[in-house]
Amino acid sequence: MSVMTETTTQATLSDFFETMRSAGAGELRSASWEAFELKGLPNRRVESWHYTDLKQALRSVAPLSRGTPAAAPERLFDAARLSVVNGAFRADLSDLAALPPGVDVCSLREALTDGDAEIIAALAPACEDAVVALNAALMQDGVVLRLAPGVEIARPIEIATIVAGEAQSCFTRSLVIAGAGAKATIIETAVGQGAGAQENQALVFALHAGAEIDHVGCVKAAAEDAVRVHSLLATLDAKAALNSFVLIEGGGLLRRQNFARLQGAHARLAFNGASLLRGRAHADTTLVVVHAKPHGQSREKFRAIVDESATGVFQGKVIVEPHAQKTDGAMQSKALLLSDAAAMNNKPELEIFADDVTCGHGATCGRLDRDHLFYLQARGLPRRDAEALLIEGFANEAMSEVADDRLRDALTARVHRWLAERGAQP
């Protein structure tokens, strides 16, 4: 990026900050903007962004979204939907009446304007990532979802973030606060429509003692020139549990990053995911998990299916702090390369500062097993069908951790659709 281009990009983002700095949470915004200015947009020289050059991708910054009207996209799941469209919470496209007792919902814009101290504090868990700081400085709107202590929600609640229209920048941040002992399933749907979209989204989970959240995400494919950074930030108190699975359907440049801190004893965390990539898609899954207290458990299982000239990235770091004895951690990434031009970068890491832990990691890249293909074709399956069967089985390894059968079936249907589209190509 030239000096002139970099200066123009910084000036545009600075203008965005001047627009948003009076929209509530002024101290948080200012501190976040200062943190971003110290680092700037990350490029390959930043170790955690080595495989994804965001500065190069954002040579030109699209205008800030103004919340232009858009219709709600198709429903992928049977859930009570809360919609954020083009950077604005849309009550008219949300199922507010379907929410049960014990669930409180408001827009982020409303909460920030009211100066809600609990929400503002929960919105900013410790994170040193520059793009997360930029999101906090420029956040336009989102959903604030509070679950009362002890409440158990049977029907899933979906937070759908939609970017529709040509060339616009959207900065959304949503927050889920789960009271002590609360249990719920939260679905995160990200839909990008239109060329030139630039998204910086964040979803924050604050889980109090004993809270249990199942999180299922679906990131639908976007235009080839889309640039998207989606961040999930989670803090878990004692005996809290977060079980997360995200299906990524590649398109354009996508960075999906997860930051979690197990700050209470006996907390449990699972980050799982599958990526379906083709064309020139670039999908980067990066996670940092910090064990800060004893007897914590973390599991990470990711699968990437990379076709044509697409590129996949997995970076996983698990940090075990000195007082986090008896930590149990396991991280695994596997990639399936379907063409000679497909690429995958794996970088698992462990940083252990305690001496009584059980932690391990592994990463593999490979192609479809020829013996398995031969076995299936020898029994009458056409090659494309044999490939699809093996690919689906590979993706389902990560989906097995989704607790809700209906959600798992819906995700499997998305994989079916992707494979059918692949099989229809000449």
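On a 1 Å grid over the protein atoms alone, a pocket is an open set of points with protein on both sides within 12 Å along at least five of seven lines, whereas a cavity is a set of points where a 1.4 Å probe fits but cannot get out; lining residues have an atom within 4 Å of a point. This is a predicted model, in which local features need pLDDT of at least 70 and side-chain atom pairs count only at pLDDT 80 or more, while totals for chains, interfaces and linings use all residues. Residues are numbered from 1 along each chain as its sequence is written, and side-chain values use heavy atoms, with hydrogens and water left out.

**Confidence**

- The chain averages a pLDDT (the predictor's confidence in each residue, from 0 to 100) of 92, and 96% of the residues score at least 70.

**Pockets**

- Strands E10 (227–236), E12 (253–262), E14 (282–291), E16 (311–320) and E18 (343–352) each supply at least two residues of the lining of the largest pocket.
- This lining divides into 15 nonpolar, 6 polar and 9 charged residues, where Ala, Val, Leu, Ile, Met, Phe, Trp, Tyr, Cys and Pro count as nonpolar, Asp, Glu, Lys and Arg as charged, and the others, Gly among them, as polar.
- The second largest pocket, with a volume of about 450 Å³, is lined by 22 residues, and Ala221, Ala222, Gly250, Gly251 and Gly252 are those nearest its centre.
- Strand E7 (183–193) and helix H9 (405–424) each give at least two residues to the lining of the second largest pocket, and the largest share, 4 residues, comes from H9.
- By class, the lining of the second largest pocket has 7 nonpolar, 7 polar and 8 charged residues.

**Cavities**

- The structure holds 5 cavities of 30 Å³ or more, and the largest cavity has a volume of about 130 Å³.
- Lined by 15 residues, the largest cavity has Leu58, Phe171, Gln198, Glu199 and Asn200 nearest its centre, and the elements that give two or more residues to its lining are H6, strand E6 (169–178), strand E8 (198–207) and E10.
- The lining of the largest cavity divides into 10 nonpolar, 3 polar and 2 charged residues.

Key: Points joined across faces, edges and corners; volume = space filled by probe spheres on them.
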